[in-house]
Amino acid sequence: MKVQNYAAPLLVVGCILFGLGSLIVKFVPVGSYAIAFWHESIYAVGPGISTLLNSLQIFFLAGIGYFFFAEKQRKMQLFSLVLAVIGVVLIASPELAHNLDGVYGILIGLASGAMLAGSLVMIRQVHNSESTAIFPLMFLVSLFGAIALLPPSLWFNQVNFFPPTIADWGWIAVYGVVMQCMAWGMIAYAIPLLSLGLTGLLLLSEPVVALLIDYFYLDKPIDLWQWCGASLTLLAIYLGSRK
């Protein structure tokens with residue numbers, strides 16, 4: 001069997017595993033800065049909505065390409081951006097009615113997506129300047145990210161900087177090895193073997209799974225308007241990710 005035949009299921013499994021990491025972030029009693037940057041949104045609005053907002057990074061990438069690299073935007077991309085804005089508004093409006101942390105969670109989730117887009121641009125610029133092996137590059141990115149994260153972790157998470165139990169240490173190890181290394185490796189391996197249209201569609205499995213976990217497992221109240229907003233946002237992400 002050709003290796004391309006494994007790419008699609010491998011990508012879906014990688015996305016599902018990656019999305020499941022938000023459950024560990026939610027239940028392990030470690031500060032959001034201490035476990036990984038910008039997980040504040042998961043605590044504020046839940047894994048589902050937070051993951052959905054973070055997936056909007058493709059539109060930040062489009063903006064960076066337009067303003068800094070003179071990349072022209074197609075009509076479909078502009079249309080998908082409008083759909084995404086409407087979707088986020090539908091998601092946010094009910095959230096603000098019953099969640100005092102809603103504004104903060106939504107803003108920090110969007111900021112997380114923007115910074116993810118920025119990191120992808122920086123990695124691309126490194127490759128444009130000089131051919132660089134992916135594993136050493138990601139090691140350096142992670143190392144300097146951890147160094148930059150240490151001061152805010154010590155400042156904001158003094159009380160819950162370390163996991164309190166052996167089991168929590170184990171879950172942190174699972175999060176790092178399975179979600180951040182294994183799952184991301186599956187995604188990075190599969191993407192070059194698939195068309196961009198199919199890749200964009202399959203990548204939506206991550207926010208969909210996170211939202212379903214939020215509703216069915218965490219008993220988070222998600223009303224009809226939010227489901228409509230999530231559907232619109234997912235449609236917009238798919239349309240915006242197509243070549």
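To see the crossing, pick residues 57–69 for α5 and residues 102–129 for α7; their axes come within 8 Å and cross at roughly 55°. Those axes are lines fitted to C-alpha atoms over the stretch in contact, with angles from 0 to 180 degrees between N-to-C directions. The crossing of α5 and α7 is right-handed, meaning that the near helix is turned clockwise from the far one by less than a right angle.

A word on what you're viewing: this is a predicted model, where local features need pLDDT of at least 70 and side-chain atom pairs count only at 80 or more, while totals for chains, interfaces and linings use all residues. Residues are numbered from 1 along each chain as its sequence is written, and side-chain values use heavy atoms, leaving out hydrogens and water.

Now show side chains. On α5, Gln57, Phe60, Leu61, Ile64 and Phe69 make contact (heavy atoms within 4.5 Å) with residues of α7, among them Leu110, Gly113, Arg124 and Gln125.

Finally, zoom out and color by secondary structure. You'll find 12 helices and zero strands in the protein chain; helices here are DSSP runs (H or I, at least four residues) and strands are runs of E, at least two, numbered from the N terminus. Of its 243 residues, 40% count as buried, that is, under 20% relative accessible area with a 1.4 Å probe, protein chains only.

How values were computed. Buried means under 20% relative accessible area, exposed over 50%, partly exposed in between (1.4 Å probe, protein chains only).
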